[in-house]
Amino acid sequence: MMRSRLLWFTLGFSVTAASISQFIYRDLWTDRYALKSDMKEKFDALEARVSNLETLPTENPNPAQVDG
């Protein structure tokens, strides 16, 4: 009787630990994927802004220095 209780306790404890681990793993995976997507979106926007700045014609901010 004592062995069967120990067996059922061990089995229940193992199943509970496995399900908790699975929930934690899924939560961490979801957060990682969301962070990756967010960073990709922000870097794409930054790259587009830099590209736009690079294509703008350069304007001379101080024309007096060019004449000298």
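A residue counts as buried when its relative accessible area is under 20%, as exposed when that area is over 50%, and as partly exposed in between. In this predicted model, Asp-38 has a relative accessible area of 31% and is therefore partly exposed, whereas Lys-42, with a relative accessible area of 51%, is exposed.

**Salt bridges**

The side chains of Asp-38 and Lys-42 are joined in a salt bridge, with 3.7 Å from N to O, and because these residues stand 4 apart in helix H1, about one helical turn separates Asp-38 from Lys-42. A second pairing is made by the side chains of Asp-44 and Lys-40, which meet in a salt bridge at 3.2 Å, again taken from N to O. Asp-44 and Lys-40 are both part of helix H1 and lie 4 residues apart, which is about one turn of the helix. Asp-44, at a relative accessible area of 37%, is partly exposed, while Lys-40, at 53%, is exposed. The count of salt bridges in the model comes to 2.

**Aromatic pairs**

Searching the whole structure gives 2 aromatic pairs, and the table sets out their geometry.

| Pair | Centre to centre | Angle between planes | Arrangement |
|---|---|---|---|
| Phe-9 and Phe-13 | 6.0 Å | 25 degrees | stacked |
| Tyr-25 and Trp-29 | 6.3 Å | 25 degrees | stacked |

Phe-9 and Phe-13 are 4 residues apart in helix H1, so that about one helical turn lies between them, and both Phe-9 and Phe-13 are exposed. Tyr-25 and Trp-29 are likewise placed 4 residues apart in helix H1, with a separation of about one helical turn. Trp-29 counts as partly exposed, because its relative accessibility is 48%.

**The nonpolar patch**

Leu-35, Met-39, Phe-43, Leu-46 and Val-50 together make a nonpolar surface patch of about 450 Å². One of these residues, Leu-46, is found in helix H1, which covers residues 2-55, and Leu-46 counts as partly exposed because its relative accessibility is 41%.

**The annotated segment**

An unreviewed UniProt entry places the feature "signal peptide" at residues 1-18.

Technical notes
Residues are numbered from 1 along each chain as its sequence is written. This is a predicted model: local features need pLDDT of at least 70, side-chain atom pairs count only at pLDDT 80 or more; totals for chains, interfaces and linings use all residues. Side-chain values use heavy atoms; hydrogens and water are left out. UniProt positions are given in the numbering used here, feature names are shortened, and annotations may be inferred rather than shown by experiment. Patches are made of residues with over 30% relative accessible area and no salt bridge: like charges are joined within 9 Å, nonpolar side chains (Val, Leu, Ile, Met, Phe, Trp, Tyr) within 5 Å. Accessible areas come from the Shrake-Rupley method with a 1.4 Å probe; for residues, only the protein chains shown count as cover. A salt bridge is a side-chain nitrogen of Lys or Arg within 4 Å of a carboxyl oxygen of Asp or Glu. Helices (H or I, at least four residues) and strands (E, at least two) are DSSP runs, numbered from the N terminus. Buried means under 20% relative accessible area, exposed over 50%, partly exposed in between (1.4 Å probe, protein chains only). Rings of Phe, Tyr and Trp (its six-membered ring) pair if their centres lie within 6.5 Å; planes under 30 degrees apart count as stacked, over 60 as edge-to-face and the rest as tilted.
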